[in-house]
Amino acid sequence: MARYAVGDLQGCHREFVALLERLAFDPHRDQLWLAGDLVNRGPGSLDCLREVRALGDAARVILGNHDLHLLAVARGGATLKRSDTLDAILAAADRDSLLDWLMQQPLAVAEGEQLMVHAGILPQWSLPLGLGLADEVRQRLGSEHGGAFLEQMYGNQPACWRDDLDGIERLRVIVNAFTRMRFIDADGCLDFAAKEGLDSAPRGFAPWFSYPRADDPQIIFGHWAALEGHTPGARVRAEALDTGCVWGGSLTALDLDSGERISVPSQQR
Ligand SMILES: Nc1ncnc2c1ncn2[C@@H]1O[C@H](COP(=O)(O)OP(=O)(O)OP(=O)(O)OP(=O)(O)OC[C@H]2O[C@@H](n3cnc4c(N)ncnc43)[C@H](O)[C@@H]2O)[C@@H](O)[C@H]1O
């Protein structure tokens with residue numbers, strides 16, 4: 001059995017198919033972890049959703065900010081943005097079953113010492129605490145209050161985690177850390193403005209992976225395309241897998257057992 005993790009698809013369906021072929025991926029035998037952002041910005045979001053869901057138990061999926069945006073538009077009253085490419089999903093005959101499936105996905109997946117998250121994990125969250133917090137969001141999304149939560153999810157405040165946060169403020173920090181984080185300060189407060197390379201760090205902020213942790217999981221993440229798969233200065237075991245397929249880069253898989261990276265070139269642009 002082979003186990004692979006793949007970075008952000010963002011609707012890069014042709015590249016996804018090419019990558020699975022390249023891996024000789026067999027869903028009866030192998031396992032595929034997907035680091036979130038299956039959809040948006042690329043042209044094949046609907047096909048990506050269908051393809052991943054069809055993998056059944058062979059796929060382990062987490063939610064990224066764009067997946068949550070799709071859910072917020074479909075079920076939380078949020079509006080589409082001009083750059084969104086989600087119309088085909090919203091108009092699809094199987095829309096509801098796809099969205100029901102997506103809504104059940106977690107914010108984190110862990111096996112042994114390996115953790116997969118979309119954006120990252122705050123350095124002050126141990127692995128068990130982080131998994132518990134991710135589960136709080138999963139339970140809310142999967143509950144009868146899931147739609148109400150999606151209506152309140154957007155927002156940048158509070159920017160800092162506190163153990164005593166509760167209600168929507170608590171859930172919002174959890175969502176933002178797991179799905180939108182790039183730069184944080186020494187107190188673990190999130191910046192939401194800088195999206196590009198490491199030299200775009202605001203004063204007093206640094207990449208989340210440059211802060212040491214008390215434990216040492218291997219942290220597999222996507223989200224940050226400008227890293228181009230690299231984590232210079234990391235003080236944790238971090239594997240950046242968003243190699244910017246939708247921006248003309250490549251789609252990358254990490255062999256979770258050997259550490260080998262396998263990429264196919266983007267066909268976008
Ligand atoms: N709780 C919540 N609150 C608020 N919003 C929420 C939310 N939950 C979900 N959302 C939603 O999240 C969605 C995305 O928000 P945005 O704010 O538009 O997304 P983003 O940070 O740009 O994220 P993205 O995932 O696209 O980043 P990427 O690194 O690929 O691209 C980032 C930049 O990197 C650049 N880039 C890519 N490759 C690069 C490279 N090699 N070098 C330099 N720059 C590169 C790109 O040009 C791009 O500008 C929105 O629809 C929003 O509604």
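**Notes on the predicted model**

1. Let's start with Ala 59, which counts as partly exposed because it has 17 C-beta neighbours inside 10 Å. For reference, a residue is buried with 20 or more other C-beta atoms within 10 Å of its own, exposed with 12 or fewer, and partly exposed in between, the C-beta atoms being placed from the backbone. Ala 59 sits in strand β3 (residues 59–61). Helices (H or I, at least four residues) and strands (E, at least two) are DSSP runs, numbered from the N terminus.

2. Before going on, a word on the model itself. This is a predicted model, in which local features need pLDDT of at least 70 and side-chain atom pairs count only at pLDDT 80 or more, while totals for chains, interfaces and linings use all residues. Residue numbers run from 1 along each chain as its sequence is written.

3. Which residues does Ala 59 contact, leaving aside neighbours within four places in sequence? They are Leu 32, Leu 34 and Val 52, where contact means C-beta atoms, placed from the backbone, within 7 Å. Leu 46 is 13 residues from Ala 59 in sequence, and their C-alpha atoms are 17 Å apart. Compare Arg 50 and Leu 98: these are 48 residues apart in sequence, with 7.3 Å from C-alpha to C-alpha. Arg 50 belongs to helix α2 (residues 45–54) and is partly exposed, with 16 other C-beta atoms within 10 Å.

4. Now the ligand, which is surrounded by 22 residues, the closest being Asn 65, His 69, Tyr 154, Ala 225 and Ala 226. The elements giving two or more residues to this shell are α3 (65–75) and α8 (167–180). Helix α3 gives the most, with four residues. By type, the shell has eight nonpolar, nine polar and five charged residues. Here Ala, Val, Leu, Ile, Met, Phe, Trp, Tyr, Cys and Pro count as nonpolar, Asp, Glu, Lys and Arg as charged, and the others, Gly among them, as polar.

5. The largest nonpolar core has 77 residues, and Ala 5, Val 6, Ala 35, Ala 108, Met 116, Val 117 and Phe 178 have the most contacts inside it. Such a core is a set of buried Ala, Val, Leu, Ile, Met, Phe, Trp, Tyr and Cys residues joined through C-beta atoms within 7 Å. Not counting residues up to four places away in sequence, Phe 178 touches several residues, including Leu 107, Ala 108, Val 117 and Ala 134.

6. Helix α7 (residues 146–153) is worth a look: Phe 149, Leu 150 and Met 153 are buried. Seen down the axis of α7, its buried residues fall within an arc of 100 degrees, so they line one face of the helix; the arc is that of the directions from the helix axis to the C-beta atoms. Among the elements covering these buried residues are α3, α6 (127–141) and α8.

7. Finally, some backbone details to check on screen. Gly 155, which follows α7, has a positive phi, near 145 degrees. The peptide bond between Gln 157 and Pro 158 is cis, with omega about -5 degrees, and Pro 158 lies in the loop between α7 and α8. Arg 41 is not a glycine, yet its phi is positive, about 75 degrees. Arg 41 lies in the loop between β2 (31–34) and α2.

Notes: Near = placed C-beta within 6 Å. Contact = placed C-beta atoms within 7 Å.
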